[in-house]
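Please read the following note alongside the sequence and the structure. The points are set out in numbered order.

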Amino acid sequence: VADNRCWSCGVCCQSKQDLQSHLHPSVNTKDVKLFLDDDKYLNPFMQEDSLLYSFDGGEEDEDECNTSFEKEEIVKDFGSVCIDDDDTAEETELNAETYNKDKKTVMACPNGHLSLASSFKRITENGMDYGENARSVESDPKDKQSRVCIADVVEKDIKKINDSYFGSYSSFGIHRDMISDKIRTDAYRQALLKNHSLLNGAVVMDVGCGTGILSLFAAQAGASRVISIEASEKMATVATQIAKDNGLWRSKTDSEGNKSCTGVIEVVNCMVEDLDKSIQIQPHSVDILVSEWMGYCLLYESMLSSVLFARDRWLKPGGAILPDTATIFVAGFGKGGTSLPFWENVYGFNMSYIGKEVVEDAAKFPIVDIINHHDLVTNAAVLQSFDLATMKPDEVDFTATAELEAKNDTLDHKATACFGLVLWFETGFTSRFCKEMPTVLSTSPYTPKTHWSQTILTFREPISVASSKFTAEGSAAVGTDACPASKILLRISIAHATRHRCIDISLETAGVGSDGRKRSWPAQMFNLT
């Protein structure tokens with residue numbers, strides 16, 4: 001609960017009775033801490049983030065709002081749990097402790113995730129280990145049942161989301177969209193087929209193979225064995241049949257030493273975290289790990305954690321991971337990136353009243369859409385880079401800063417409005433592994449569009465920007481037409497959301513005028529679901 005509002009549904013909670021109506025029936029209100037302090041902004045994914053800070057740098061902010069998140073202000077009893085499904089949306093605050101019952105452990109972790117694990121076996125979801133820092137304590141027996149019920153709901157919720165997620169990939173339309181995306185498919189095809197020395201005779205693992213298109217490329221390039229992992233039962237059957245139809249399927253008898261066989265692809269129907277339960281494969285025995293794991297804003301769907309799990313478990317030391325780099329970029333967009341121009345002239349009629357409301361609503365949610373590079377009003381900046389060969393699983397969630405400046409080539413030293421941010425990504429098949437033919441897959445507004453589009457974060461109010469050569473008028477507020485910002489300072493956090501496979505994005509924005517004065521705007525939260 002933050003600012004009297006339930007984080008999951010936004011409804012005001014003025015009492016424990018109000019809060020009880022948002023909780024699962026098994027949860028007792030005495031186990032829940034109710035926050036009714038308007039001065040504190042509490043968000044599960046921002047708790048215990050030592051990196052959070054204010055842009056004011058100790059100087060007096062000319063805006064009355066304060067975007068500072070002091071670590072001391074965040075409650076010590078952390079571990080917020082948000083459970084979303086079709087019928088319920090519950091949030092409860094638990095102490096950062098574990099409670100044991102019947103050899104099962106409920107763990108409230110500092111990152112806001114609640115996990116369920118056997119006391120003899122550590123739980124792993126998408127390669128993330130939730131049991132490492134948990135400690136077991138005795139609790140009041142009468143409270144155990146409700147706490148275990150919460151953990152059971154969380155576990156079932158994760159399974160439900162995974163089933164829905166993998167089930168959604170049973171639609172052939174999705175696979176047609178992905179395969180038809182030439183930017184995407186050609187990048188992988190080139191990386192696999194144009195690097196003969198890398199693929200020839202290699203053992204390849206394809207995580208999330210879908211139709212098996214990447215596995216087929218690997219087999220065509222000369223791989224000696226391709227292990228294709230697919231969690232969707234339907235698509236695993238489809239990929240197997242496609243491999244058979246193309247004479248590339250590796251049967252069980254083939255794997256036992258039939259030298260006359262030319263098939264190299266074996267399809268395994270499971271999550272990669274459960275691969276050991278399905279086939280026998282030696283740790284660190286794979287030469288190349290390939291996967292098309294990227295989601296909207298790069299990290300949506302949380303599949304990168306599974307790829308890193310497979311890397312750490314099965315990739316040989318020095319083995320290749322394709323792609324091996326990923327970078328998120330950010331830039332500011334202008335009026336042309338909104339729907340305002342459309343509503344300003346509808347068959348000659350001014351309907352801008354609608355456009356303004358649409359833009360206001362857009363500030364509440366991230367939007368996946370195409371932005372034309374002509375509509376960008378700032379330079380592009382790198383927000384975050386990942387080295388997939390060396391990064392740690394806990395580095396998937398990050399907080400980063402970026403600085404944007406007005407585009408001099410189009411603004412001619414005049415002020416223009418920046419309505420928000422556009423994020424996109426590039427993945428690299430670099431010369432580290434693809435020595436013969438490195439390549440880049442880009443979802444930039446400056447390149448042909450892809451099925452990922454771009455991710456748009458709209459400001460609550462536009463920020464006027466201009467080059468540093470603009471002469472400001474008197475003491476006008478930074479970010480207005482009279483004193484446009486010459487720089488926009490950003491602080492963005494992207495992390496796993498409490499709902500499995502979704503991501504939370506926090507945005508802190510500040511503007512710096514040509515005279516050095518600074519202004520901050522209230523932080524914004526976005527959930528990509």
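How many disulfides does a search of the whole structure find?

1. The model is a predicted one. A search across the whole structure finds 0 disulfides. A disulfide is a covalent bond linking the sulfur atoms of two cysteines.

2. C418 has a relative accessible area of 0%, and C502 has one of 4%. Buried means under 20% relative accessible area, so C418 is buried and C502 is buried as well.

3. Is S352 buried or exposed? Its relative accessibility is 16%, and because the cut-off for buried is under 20%, S352 counts as buried.

4. The side chain of S352 is joined to the side chain of N350 by a polar contact of 2.8 Å. When residues up to four places away in sequence are left aside, S352 touches W343 and E344.

5. Helix α4 spans residues 182–193 and helix α6 spans residues 213–220; their axes come within 9 Å and cross at roughly 25 degrees. Angles under 35 degrees count as roughly parallel, and α4 and α6 are therefore roughly parallel to each other. The crossing in which α4 passes α6 is right-handed.

6. Which residues make the contact between α4 and α6? On the α4 side they are T185, Y188, R189, L192 and L193. On the α6 side they are L214, F217, A218 and Q220.

Technical notes. Residues are numbered from 1 along each chain as its sequence is written. This is a predicted model: local features need pLDDT of at least 70, side-chain atom pairs count only at pLDDT 80 or more; totals for chains, interfaces and linings use all residues. Side-chain values use heavy atoms; hydrogens and water are left out. A disulfide is a pair of cysteine sulfur atoms within 2.5 Å. Buried means under 20% relative accessible area, exposed over 50%, partly exposed in between (1.4 Å probe, protein chains only). A polar contact is a pair of N or O atoms within 3.5 Å; within protein, one must be able to donate a hydrogen and the other to accept it, and residues adjacent in sequence count only if both atoms are side-chain atoms. Contact means heavy atoms within 4.5 Å. Axes are lines fitted to C-alpha atoms, for helices over the stretch in contact, and angles run from 0 to 180 degrees between N-to-C directions. Helices (H or I, at least four residues) and strands (E, at least two) are DSSP runs, numbered from the N terminus. Angles under 35 degrees count as roughly parallel, over 145 as roughly antiparallel, 65 to 115 as roughly perpendicular and the rest as oblique. A crossing is left-handed if the near helix is turned anticlockwise from the far one by less than a right angle, and right-handed if clockwise.
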